[in-house]
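Please examine the sequence and the structure shown here.

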Amino acid sequence: MNLSELLNQGVTALSAALGSREVSAVEIATAYLDRIEQAQPELNAFITVDREHTLRDATLADSMRAASPGQSLAGIPIAQKDVFCAKGWRTTAGSHMLENFIAPYDSAVVQQLNKQGFVTLGRANMDEFAMGSSNENSYFGPVKNPWDLSRVPGGSSGGSAAAVAAGLAPAATGTDTGGSIRQPAAWCGISGIKPTYGRVSRFGMIAYASSLDQAGIFARSAQDLAILMDVISGHDPRDATSVDRKDAPCAKELDKDIRGLRVGIPKQWFGEGLSAGVKIVVESAIQELVMMGCECVEIDLPMSEQAIPAYYVIAPAEASSNLSRFDGVRFGHRAAQYKDLAELYERSRGEGFGPEVKRRILMGSYVLSHGYYDAYYLQAQRVRRLIANDFERAFMLCDVIAGPVAPTTAFPLGSFGADPVQMYLADLYTIPVNLAGLPALSIPAGFDAGMPVGLQLIGPWWQEARLLQTAHAFQIATDWHTKRPALYSGLKP
Amino acid sequence: MRFTEEDVRRVARLSRLALEPKEIEGFQQDLSQILDLAQKLQAIDTTNVEPLAHPGSSSVFLRADLVTETDQREAFQAVAPEVDRGLYLVPRVVE
């Protein structure tokens, strides 16, 4: 296999090539960095690239391998969403507020990856503080979709998804609060997983809405997702919501037979609102699962239409509290002019935050303020319970749920410029999953007018292994996940 | 409900956010729209439904109350806008 083919293959192939000493970590990192340099002016998938830092990591990975050949993942490159603190790396969260913030410590996810010898290729672009569905809210400019540069890659982890789709990285980290891994994975034609809430430590991950945020992975296949899930999962006492469990590694269970698996089809998710083109693709993917021996059952998620209203109360409320830490005193942007402490806070925040972040902070302060707390915030939390109960009932009838990720394919840049709230409504199939805290993934399922469409698979709490088995079996039976955007098939090497 | 200019100013004050006059009108419209969205929740009967604060409610983990971190004041203050002899500097608050 030549280097160019190898770079397009993914984690499993790279690990084998590194193991057989066919290629070194430094050679692989150099080649990806060259690709990033070629694609960056067009795609803007990265906020920060630091060649020397990356090559230092790669050299270290090569010596790790030489010292202990059992380190099967040392030297695999990865793009890090710019929301995970990484010591010595500028960590901006896509915000002017943190434009000059060099993280003084590693987040848990970065720590786990570093321990295995993963090499950070750069810091992936994202919507500011992970708020957005199109990556147009980044202070560092929008990311373009590698399948069509006039379209968005999805968000908020748009840079991570675009980088993997364009072949600039074999894998990337992401975070998913309302769909921010699954939707860009779907729109960029790659695989992405959002684990069960509590499976991956949130320590050092810049918080947006803490009861919903969960770290996950983008890669070229379910197999690669499984390998990376096993690296980043696990209990961490530094995150009080991290759960101590001893689940079997996902990668070991990957080849389990899925015949007889009961696939739940939410009857509410295929009606009005779902575009005809996406519907056809998702329905034929489900048909494929049936041909593979799965059994379809209709399920009822009557409360799922309440997910968007509940989310836009809960998430802004938590954001307004989380983002109060940005005060211009301890880190982040400080205004140049102020006459007293109140003005220092107000101006630093007014200048440091972009419009979407301000919108959500304002909304959050409103729903938490005196006289509105019960009517909005508590009511939203009660509805959240009902949404979770729907899923609990559904999983008595089925083993996984299958459906669309988003109602359409990636939309053109600037589509919602004048009407930001309209964009919220497109997250109707992803948000219920975050509210319930369930694991879910998106895998490539086909195309609608040349743009990729994802199939969403949702599992019961802690059943990532079952989701990945299903996705892996689907990827053995189909080749949608191997399709690459023509625009980026000519990258050198 | 329609957000008035004064409503936006009030939540901006609560949020410690300085807004430009030209931003306020846009936020009036956006926040009114988000609130319309949130109003839909009022129609749901949630009698006797316990609020769900986060999905792992049943299993919150508390660690032992022990000192595990070492002093890293210099590293943490290296990213601060203004420090002097280990202290964060802010405008005078007590006359």
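In this predicted model, A:Pro170 lies in the loop between α6 (158-165) and β4 (171-175) of chain A. Is A:Pro170 buried or exposed? A:Pro170 has a relative accessible area of 0%, and since buried means under 20%, A:Pro170 is buried. Leaving aside neighbours within four places in sequence, the residues in contact with A:Pro170 include A:Gly10, A:Val11, A:Tyr32, A:Ile76, A:Leu121 and A:Ala219. The C-alpha atom of A:Thr408, in turn, is separated by 26 Å from that of A:Pro170, and the two residues are 238 residues apart along the chain.

Attention may now pass to strand β5 (residues 191-194) of chain A. From this strand, A:Ser191 and A:Ile193 point one way, while A:Gly192 and A:Lys194 point the other way, and all are buried. Strand β5(A) pairs in the antiparallel sense with strand β6 (residues 215-219) of chain A over three bridges, and A:Ile193 has A:Ile217 as its bridge partner in β6(A). Three bridges also join β5(A) to strand β10 (residues 440-448) of chain A, and these strands run antiparallel. In β10(A), A:Ser442 is the bridge partner of A:Gly192.

The last topic is a pair of helices. Helix α8 (residues 222-232) of chain A packs with helix α16 (residues 464-477) of chain A at an angle of about 155 degrees, and their axes are 8 Å apart. Angles over 145 degrees count as roughly antiparallel, and α8(A) and α16(A) are therefore roughly antiparallel to each other. In their contact, A:Ala222, A:Gln223, A:Leu225, A:Ala226 and A:Met229 of α8(A) meet A:Glu464, A:Leu468, A:Ala471, A:His472 and A:Gln475 of α16(A). By class, this contact has six nonpolar, three polar and one charged residues.

Key. Residues are numbered from 1 along each chain as its sequence is written. Chains are lettered from A and ligands numbered from 1 in the order in which they are written. This is a predicted model: local features need pLDDT of at least 70, side-chain atom pairs count only at pLDDT 80 or more; totals for chains, interfaces and linings use all residues. Side-chain values use heavy atoms; hydrogens and water are left out. Axes are lines fitted to C-alpha atoms, for helices over the stretch in contact, and angles run from 0 to 180 degrees between N-to-C directions. Helices (H or I, at least four residues) and strands (E, at least two) are DSSP runs, numbered from the N terminus. Angles under 35 degrees count as roughly parallel, over 145 as roughly antiparallel, 65 to 115 as roughly perpendicular and the rest as oblique. Contact means heavy atoms within 4.5 Å. Ala, Val, Leu, Ile, Met, Phe, Trp, Tyr, Cys and Pro count as nonpolar, Asp, Glu, Lys and Arg as charged, and the others, Gly among them, as polar. Buried means under 20% relative accessible area, exposed over 50%, partly exposed in between (1.4 Å probe, protein chains only). Two strands pair if DSSP finds at least two bridges between them.
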